[in-house]
Amino acid sequence: MEPTSAMALSLGTAVVTKMAEKVGENTVDSVFSRFKKIASQKWKTGNTQGKDLLEALLVKETFYRYFDLSIKKYLSVRTLYNRESDSFIDEIYHPLAITNNRTREKLIVDDKFIIKNENVSNIIGIAGQGKTTILRKIFLCHLSEGVDSKKIPFFLDLRDLRECSVTETIIETLKDIGINSNNEQITSLYKSKKIILLLDGFDEILPQNRKKILDEILFINHRYQTQIVTTSRPDTEICLSSGVDNFRVLEINEIDVFNIINKLVEKETAPKLIEALKSNKRLLETITTPILAILLCVCEKHLDTMPKNAKEYYSRVFNILYEGHDKTKFFYKRHNESNLSINDARDVFLASCFYTVKDLNFLSKERLTQAITRGLKPKGLDGKKDIENNVLEDFINVTGLIRRDGAESYTFVHRTIQEYHAAEYIKSCSSKTKSKILNKLLTEIPNNRIMVNTAVFLNHIDNENTIEELIIPLMEQFGFNEEKIDYKKLANHVYNVTTEKAVIIIKEKKMTGKGKQDNFNFNETMHNVDVGPFNDKLSSITAFDETGKHDKIMLPNIVFDSFLESESCIRIISELDHVKKDGIINSKNSISVRELVDKTGRKDSIISLIERLLNDIHDNMYIYYKIKMSTIKNEKELYLDLEDFI
């Protein structure tokens, strides 16, 4: 789940001092020296333009401006806990873990962590897991002394691109500091292998723009072997594309939670909060992401009683922050501009979240105040002078749940906050309006995952309506029902939809043996292979699994990971050529997944695996929800009968 803000072009001494205190030698001068050292190393023939461009950047005064504009802001973060000022990333960062989807290797993103390859590496995590923070930590590692990196990092927020390409955005960034550049110079820089692109938030690109940006990312990597690291929520186009190595962010455990508390909460209070959590295992088990741990730290000083679960967290956070009562400050209450009651302010906030939840780019002031007006109107409060602006100021200054990112740009402090409260708004609507919204979600979710997280939250807080009008119809639309299901036919359909455009591309061939057919040694073959894109529509259903058994399922991983590592597949793949420097993908260096499956004679076993998965989902999700719905209706009928009796 941070957008670019307008930054002053002079380097603040306070920030340099803070960096010096926190990272020792890693000040602006240290970063400058590091970049100089990398730039001075041998360049490949033909990369003169890239070398000249880097030398222009490394003029000291120019670099200082660049540091302020494009480095400094990514080394600081602002969370709910420190909502009034930025903190240097290492002040609040707790090492998080990721796992390589292909090798299953667990990696700790610590002070010396970098990914060493020439691939596109995509860090996948659900909302609030810390994808952006991990990428910023990797950015810091590439800037730090003592880290084995020979590349200069360029960090970009993908949602800032708007209609621009990655290359155009780099050109504009350099223009802002007085360096004029062009496509040829940037291309020369890509070819040099002296840079790494860190691209944050693929899932926050507008859906209609994603293919263009994804194609550019893959082209830059395939054509120039430029290393790229991206972040995304699950199941976006980049997660399912060939040319991408996926890494998944792991859930935090109780030790992680305690360490985060010790890092953020005052020394006198932290042990008490940890003891309270230890005695409430049910609550502790729900804190599986950093955002939930941070929310607990924020709310702790305002709480008389601990929330029981994650749902209760989110339901209480607005009221806690809006009222601003701090038990450590004798119930000091923060002033608000709008003078709205807490109930009115909350209702307007819910509306604001709902009407902007599909906006993945910045929110302009006009867009936000329009949404606020829609929340005020039903209450007859929209006619008051400057009421929209005053409410917005309260959401920013009193709750901290919305923040400024530039003169006229705004974001929610975290997207999960927006999604949860958008779900609360849907729940609060009349039955007729709610049915219209759920029907709209029914048509949208199979093809667009923007609203999936909001719908999952809605299922937690409005179970009956969501099950009856969204989840069961969604599953029946997919092919599940109470009658006898032809699982083989359904599995074949799922297989065909999932693999329709999936191809295998040989980026690099690595054989420690001779590599000849008669001397083929499976154990000596380690090709660099990209697979995808897959169209995984099943994940839109499994997201609603309340048992936790299927909610993180990605069908391509389950079905094809072990298959592609089999000796029969690698034999066929080994006969292909690798992608040349021109980056052109053709029948000599690629093969469709379906063709490979057919050639190895493995289709029946894959269909059988999908059949078992569908059967399991039918029994543990579809039948579960049908029984749950029937139980809810029976209980309501019993309640009505009791009312008549009383």
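## Aromatic pairs

Rings of Phe, Tyr and Trp (its six-membered ring) pair if their centres lie within 6.5 Å. In this predicted model, ring pairs join Phe-32, Phe-35, Phe-63, Tyr-66, Phe-67 and Phe-154 into a cluster. The structure holds 23 aromatic pairs. One of them is formed by Phe-349 and Phe-395. Its geometry is edge-to-face, with 5.2 Å from centre to centre and 80 degrees between the planes.

Where do Phe-349 and Phe-395 lie? Phe-349 is in helix α15, residues 342-356. Phe-395 is in helix α17, residues 387-399. The pair therefore ties together parts that are 46 residues apart in sequence. Both Phe-349 and Phe-395 are buried.

## Charges over rings

Two contacts of this kind follow. Lys-194 lies over the face of Trp-43, at 5.2 Å from the ring centre. Arg-374 lies over the face of Tyr-355, at 3.8 Å from the ring centre.

## Overall make-up

The chain has 27 helices and 15 strands. Of its 646 residues, 54% are buried. The chain exposes about 29300 Å². Carbon and sulfur atoms supply 49% of that area.

## The largest nonpolar core

The largest nonpolar core has 197 residues. Which of them touch the most other members? They are Phe-63, Ile-71, Leu-197, Ile-261, Phe-544 and Leu-614. Helix α27, residues 603-645, gives this core its largest share, 11 residues. Phe-63 also belongs to the ring cluster described above.

Leu-197 has a list of contacts beyond its neighbours within four places in sequence. Among them are Phe-154, Val-166, Ile-170 and Tyr-190. The list also includes Ile-220, Thr-226, Gln-227, Ile-228 and Val-229. Phe-154 is, in turn, part of the ring cluster.

## Contacts across the sequence

Ile-98 lies in strand β3, residues 96-100. Is Ile-98 buried or exposed? Its relative accessible area is 0%, so Ile-98 counts as buried. Val-249 is 151 residues away along the chain, yet the two C-alpha atoms are separated by 4.3 Å. With neighbours within four places in sequence left aside, Ile-98 is in contact with Phe-247, Arg-248, Val-249 and Leu-250, among others. Its contacts also include Glu-105, Lys-106, Leu-107, Val-109, Phe-113, Ile-123 and Ile-134.

Met-621 is found in helix α27. Met-621 is buried, with a relative accessible area of 0%. From Met-621 to Lys-549 the C-alpha to C-alpha distance is 9.7 Å. These two residues are 72 apart in sequence.

## Loop residues with positive phi

Gln-225 is not a glycine, but has a positive phi of about 55 degrees. Where does Gln-225 lie? Gln-225 is in the loop between α9 (207-224) and β8 (227-232). Its relative accessibility is 23%, so Gln-225 counts as partly exposed.

Asp-386 is another non-glycine residue with a positive phi, here about 60 degrees. Asp-386 sits in the loop between α16 (365-376) and α17. Helix α17 is also the helix that holds Phe-395. Asp-386 is partly exposed, with a relative accessible area of 41%.

## Cysteines

How many disulfides does a search of the whole structure find? The search finds zero. Cys-164 has a relative accessible area of 30%, so Cys-164 is partly exposed. Cys-353 is buried, at 0% relative accessibility.

Cys-429 has its place in the loop between α18 (415-428) and α19 (431-444). Leaving aside neighbours within four places in sequence, Cys-429 is in contact with Lys-434 and Ile-437.

How values were computed:
Residues are numbered from 1 along each chain as its sequence is written. This is a predicted model: local features need pLDDT of at least 70, side-chain atom pairs count only at pLDDT 80 or more; totals for chains, interfaces and linings use all residues. Side-chain values use heavy atoms; hydrogens and water are left out. Rings of Phe, Tyr and Trp (its six-membered ring) pair if their centres lie within 6.5 Å; planes under 30 degrees apart count as stacked, over 60 as edge-to-face and the rest as tilted. Helices (H or I, at least four residues) and strands (E, at least two) are DSSP runs, numbered from the N terminus. Buried means under 20% relative accessible area, exposed over 50%, partly exposed in between (1.4 Å probe, protein chains only). A charge sits over a ring if NZ of Lys or CZ of Arg is within 6 Å of the ring centre and within 35 degrees of the ring normal. A disulfide is a pair of cysteine sulfur atoms within 2.5 Å. Accessible areas come from the Shrake-Rupley method with a 1.4 Å probe; for residues, only the protein chains shown count as cover. A nonpolar core is a set of buried Ala, Val, Leu, Ile, Met, Phe, Trp, Tyr and Cys residues joined through side-chain atoms within 4.5 Å. Contact means heavy atoms within 4.5 Å.
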